[in-house]
Amino acid sequence: MEKSSSTPSSAISVLKRLHVNVIGEKKPPVLFCNGFNCNQHIWNYLTPALARHYQLVFFDQMGTGGSDVSAYDAQQYATLASYAGDVVAICQALDLHDAVVVGHSIGAMIGLLAAVQAPQHFSKVVLLAATPHYLNEPAYHGGFERADLLALLDEMDRNYQSWATTFATLLIGPGQPASLGYELAGYFCQADPTIAKQFARIGFLADNRADLSRLHLPTLLLQCSEDVAVPEEVSAYMLAHLPQAQLVTLQTTGHCPHLSAPFEVVAALRAFIG
């Protein structure tokens, strides 16, 4: 991302560190927040249709894609709020206002936290295959027992590459082409494994249920059926606890509709964003 010589060096640093790319200008801005260990190319199937109507802002989460891993500090990136701070820093560097943030999976919670931290930069929020908490708790069905999720994370520590392939296949969901599972696994395997492992523990063990009520912006929940990571009960919980939310359940299955059903996702985004 190139900026003029008048751009402060701190802004240039943020844009380089997170490999920010902007498509278009003088259009309503839409900022995309990638999910677990995916880089900005995960949105490629949506880009051609959306670029006709919006300015698109892409970046790579720390440890993925073209991000500068030399800038990684485990203590600095110890919470999802830290990753949300990167999103806010991008908005500040680009002087974004009234942006729509579109986040997927763990990236959806990062986008939500960014909008809570700095609502002046955003107008709407889209949460794609999102959950505020993956674990089952009293009066809350997140989908995973703690022991099972910890075992999943331990398996990732033992053999990250093998785990990535298996997990990607599960996330893509039933009835989807095997090629989509391979594509998602490719994103996982391109991520820095050390950072990926820490990010997984932060994201999958996070509890952001209390943050839902803090988001006072129009919010679109885009969920899928037969999502191994997000049961239907989570969608109902989020709809009940987000102050200005609407829920659209897509026809596609699995956890990655921007790969499996891009036209359906584009239609829902355009109807919501306007």
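How many disulfides does a search of the whole structure find? The search finds zero, where a disulfide is a pair of cysteine sulfur atoms within 2.5 Å. This is a predicted model, in which local features need pLDDT of at least 70, side-chain atom pairs count only at pLDDT 80 or more, and totals for chains, interfaces and linings use all residues. Residues are numbered from 1 along each chain as its sequence is written, and side-chain values use heavy atoms, with hydrogens and water left out.

View 1. C224 is in no disulfide either. For C224 the nearest cysteine sulfur is again that of C256, at 8.3 Å. C38 is buried, at 3% relative accessibility. Here buried means under 20% relative accessible area, exposed over 50%, and partly exposed in between (1.4 Å probe, protein chains only). C224 is also buried, at 7%.

**View 2. The largest nonpolar core.** A nonpolar core is a set of buried Ala, Val, Leu, Ile, Met, Phe, Trp, Tyr and Cys residues joined through side-chain atoms within 4.5 Å. The largest one holds 104 residues. Its members L127, L184 and F188 touch the most other members. Helix α3 (residues 80-94) supplies the largest share of this core, ten residues. Helices (H or I, at least four residues) and strands (E, at least two) are DSSP runs, numbered from the N terminus. In soluble globular proteins, nonpolar side chains tend to be buried together. L184 is in contact with C38, I42, A168, L171, I172, C256 and L259, leaving aside neighbours within four places in sequence. Contact means heavy atoms within 4.5 Å.

**View 3. D86 in helix α3.** D86 is found in helix α3. Is this residue, D86, buried or exposed? D86 is buried, with a relative accessible area of 5%. Beyond its neighbours within four places in sequence, D86 is in contact with R17, L18 and Y77.

**View 4. Helix α5 against helix α8.** Helix α5 (residues 146-158) and helix α8 (residues 193-205) pack at an angle of about 170°. Their axes are 10 Å apart. Axes are lines fitted to C-alpha atoms, for helices over the stretch in contact, and angles run from 0 to 180 degrees between N-to-C directions. The angle makes α5 roughly antiparallel to α8. Angles under 35 degrees count as roughly parallel, over 145 as roughly antiparallel, 65 to 115 as roughly perpendicular and the rest as oblique. From α5, the contact uses R146, L149, L150, L153, D154, M156 and D157. From α8, it uses K197, A200, R201, F204 and L205. By class, this contact has seven nonpolar, no polar and five charged residues. Ala, Val, Leu, Ile, Met, Phe, Trp, Tyr, Cys and Pro count as nonpolar, Asp, Glu, Lys and Arg as charged, and the others, Gly among them, as polar.

**View 5. Helix α5 against helix α6.** The axes of α5 and helix α6 (residues 160-172) come within 6 Å and cross at roughly 130°. That makes α5 oblique to α6. L152, E155, M156 and R158 of α5 meet Y160, W163 and F167 of α6. The contact has five nonpolar, no polar and two charged residues.

View 6. A129 is buried at 0% relative accessibility. A130 is buried as well, with a relative accessible area of 0%. Phi of A129 is near 50°, a positive value in a residue other than glycine. Most residues other than glycine have a negative phi. The C-alpha atoms of A130 and S105 are separated by 4.6 Å, though the residues are 25 apart along the chain. Not counting residues up to four places away in sequence, A130 touches S105, A108, M109, Q223, V230, V234 and M238.

**View 7. N37 between β2 and α2.** N37 sits in the loop between β2 (29-33) and α2 (47-51). Its phi is near 55°, a positive value in a residue other than glycine. N37 is buried, with a relative accessible area of 3%.
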